[in-house]
Amino acid sequence: MSHSHDSHDSHDHHELGFWQKYVFSQDHKVIGIQYAITALLFLFFGFSLMMLMRWQLAYPDKALPFTKFLITSDLYNQFGAMHGTIMVFLGVVPLAVGGFGNWLMPLQIGAPDMAFPKLNMSSYWAYFLGGVVMLAGFFIPSGHAQSGWTSYPPLSDVMALSPGATIHEKLWTGQSIWLVGMIFLITSSLLGSVNTIVTIFQLRAKGMTMMRLPFFVWAQLVTGFLLLLAFPPLEAAGLLQLMDRLLGTSFFLPTGLVISGKAWPVSGGGSALLWQHLFWFLAHPEVYVLILPAMGIVAEIIANNTRKPLWGYRSMVFASIFLGFMSFVVWAHHMFMTGMGSKISSFFQTTTMIISIPSVIILSALFISLWGASIRFNTPMLFALAFLPMFGIGGLTGLPLGLSSADIQLHDTMYVIGHFHYVVAPGTIFGLFAGIYFWYPKITGRMMCEKLGKIHFWGSFVCMNFIFTPMFIQGLAGVSRRLADGGQTYLHAQPVLHWNVVMSVAAWLMGIFQLFFILNFFGSMIRGTKVTSDNPWDSTTLEWATPTPPGHGNFTTPPEVFRGPYEYSVPGHDKDFLPQNQPS
Amino acid sequence: MSDHSIQDMQKQVKVYLTIFGMLIVLVGVAFGISHLDLRTPVRICLILGIALLQAILSTAYFMHLNAEKKIVYFVLLLTAVFLAVMVFITLWTFHDSTAGHVS
Amino acid sequence: MEIPYTVESRPDTGLYNAKMGIWLFLASEMMLFGAFFSAYILLRTNAIDWPRGSTILNVPLATLNTVILITSSITMIMSWVSLVMKRFDRFRLCLGMTILLGITFLIIKGFEYHHKFELGLYPKTSTFLAIYFAMTGVHVLHLIGGTIVNVYLWGPGAKMWKSDPQRFTNRLEIAGLYWHFVDLVWLFVFPTFYLL
């Protein structure tokens, strides 16, 4: 049995310099924090783009206050495309998977680090570079990507291009830069997912069987497979679109395309629908990438703050595996309006209805876990509890969209925006906030302030609902999405136009409430109450069995696991929790 | 993992060389078939069938897939299923379409 | 704490970490090339007409390239066998041949591309050429990546044979799996474009 001597690059034998310790670190905890901080900055930026957009929607064609700055339609479209791109690919997933996954998962399985520390570091820097490239697009004179985060051709294929331009000039356009950025980000994701899966299968501590894993780890495992197998088709599609833009190919351009009265000088013979298929083949599993880690976080926090085992752990595990599998066969429910025949539409409608079942199972299990519980209403628990009905609304409003006949009315309306924001914003992001409040004491050794946390929570919770519920109203009335003027030129939109002001004010108020979070986050590092134990929440899972913060290698001695992850309130014991690594 | 004896490895090498020979022969066969005047569907089936055979030989013997662990088989099976879904369901979408020709 | 199972296999999965890692990576690569193939099938079935590969492409040259790549697969596996048999000199020879064969493939491919450009045949000329250049281009990129890894293992990386021979042997095995995959992709790309 040979152990390699330099599998960890002799970190145990010499002190690391500043750059190797904090910048080019191979320690999953440092990398996790790098991901989290970078992602939070991007989330802030994406949020700011939205606040600007909402000014234009509430007061179309009026300059921003105290300035002469007008948000033109072109600029609105750029903000819209980049808000989506940044929130999904630079914000939520890097925080949920790169941040929480990286930092927490190895600790919860009792591992000293991820399986491939160098690869982990490379994944972060690929993400960082992708982010830089994405931001660079804002400095391009012809504007950033402005064909939606979905980049549908033919528009995305030709945007800001003149056929006579050089390849160099064609590359220095927003959409081309977007494609290059995506290639970096996809590569980062792929490398990260390999790391996640190998770590979970190979580096579990002694006694940590698969069915003793915290649900958070199962969520990361399924997410890893989704990223691994669903992202490559988008990488292929991105490359093909880049070739269309830079080399004049026609992968996605049909024959006979005419732009501004002139025939577009390409060979034709391509298909715009091909892009949609390849894009949505990823982008549907991507939404489960967005929700699963948050479900994992919420499950951990609910078990801990109810002082009870999770109800239905096994069904949650099997439901998430089934969810992952089904997520690969539903994608064309985003394409019901593209002229698909009734047979294929029925296929996708059926699979879409089926996929709602595992989500319901997971949500129900979490709800039932509250029954008979002794609930501690701290800030992380408030966010975790709110996640449940908010995700419920998000999920339920997805059902009409998944029915191809109802989708005729609702497709590309504000209803869709309301649906998916409910799942991601008061859904996933609330889950991520819950996680930050919950694991903050393990990372910093201090608790976040409860008062500020509660203000942050209640303010955000109320504002979220005022921002997104009116979208359903507008959508049902027929207001289309992506309208730079909020629908004011349409007759059918007139009765519901006033909601634009309501939503915008709620959005700006929500911005103000995030200041409480930012203040709390930084302030508690200096003034927060110091924890008196390594396990301030009295939790059962392994990350709390480490020093605070965990050192290099995480565990002072290799942990051994004796029981499942949620042994709370076990009869016959003085304490109401039994840590996984405590011998009987 | 150095549980390969010299004899085992020599036997293995014989297997590898045999497979190598078969792969080269199959390239020749495919090349020959491409010069025949066949209907396109027959052509495609034969030539891609040969490619599939070469793939099976290469993965089974060169990549040791004939003696791999369950978890690797599981991952590859999953991938094959999703690949089939991506190719065939997308094709079906283009086939069962109300929009006529798409390009 | 050291990271376990970097060299020896974990009992329940039967794999060492990098072995599982490379198979997962290859699974994602299958999806990548599968997506390109999917694009090819769609473009071809929707086309009014589709040229026979032999009318545009150099079939004999590509057939030679196919033989070259298959040969590089056998030299690659022999380089791993050499390490298992503890013959470092033979390993160097076999891996060196693999690298040279890979470079030969690239040179021939480069010649092919150049000839096409000389004839005014570019990716934008037709969807056939577009998907041809796309798929062979991505394949070439993967081949270059594999060759870089092989050069590293032949050169500076070979130091590990002295310090941790088992781990180095495993690295060859992993690099071999990747290399065979690159060969495998070509075994599909070649008939698809040149013979159909």
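Biologist: If two residues are in contact when their C-beta atoms, placed from the backbone, lie within 7 Å, how many residues does the contact take from chain C and from chain A?
Modeller: It takes 38 residues from chain C and 44 residues from chain A. This is a predicted model, in which local features need pLDDT of at least 70 and side-chain atom pairs 80 or more, while totals for chains, interfaces and linings use all residues. Residues are numbered from 1 along each chain as written, with chains lettered from A and ligands numbered from 1 in the order written.

Biologist: Which elements of chain C give two or more residues to that side?
Modeller: They are helix H1 (17-46), helix H5 (127-154) and helix H7 (165-195) of chain C, where helices are DSSP runs (H or I, at least four residues) numbered from the N terminus. H1(C) gives the most, with 15 residues.

Biologist: And how do the residues on the chain C side divide?
Modeller: That side has 21 nonpolar, eleven polar and six charged residues (Ala, Val, Leu, Ile, Met, Phe, Trp, Tyr, Cys and Pro count as nonpolar, Asp, Glu, Lys and Arg as charged, the others as polar).

Biologist: New topic: at what angle do H14 and H15 of chain A cross?
Modeller: The axes of helix H14 (residues 414-444) and helix H15 (residues 450-476) of chain A come within 7 Å and cross at roughly 165 degrees. H14(A) and H15(A) are therefore roughly antiparallel to each other (angles over 145 degrees count as such).

Biologist: Which residues make that contact?
Modeller: Among them are Tyr415(A), His421(A) and Tyr437(A) of H14(A), together with Phe461(A), Met464(A) and Phe472(A) of H15(A). The contact residues of these two helices divide into 14 nonpolar, five polar and no charged.

Biologist: What about Asp412(A)?
Modeller: Phi of Asp412(A) is also positive, near 60 degrees, and this residue is found in the loop between helix H13 (404-410) and H14 of chain A. With 13 C-beta neighbours inside 10 Å, Asp412(A) counts as partly exposed.

How values were computed
Axes fitted to C-alpha atoms, helices over the stretch in contact; angles between N-to-C directions. Parallel < 35°, antiparallel > 145°, perpendicular 65-115°, else oblique. Buried ≥ 20, exposed ≤ 12 C-beta atoms within 10 Å, placed from the backbone.
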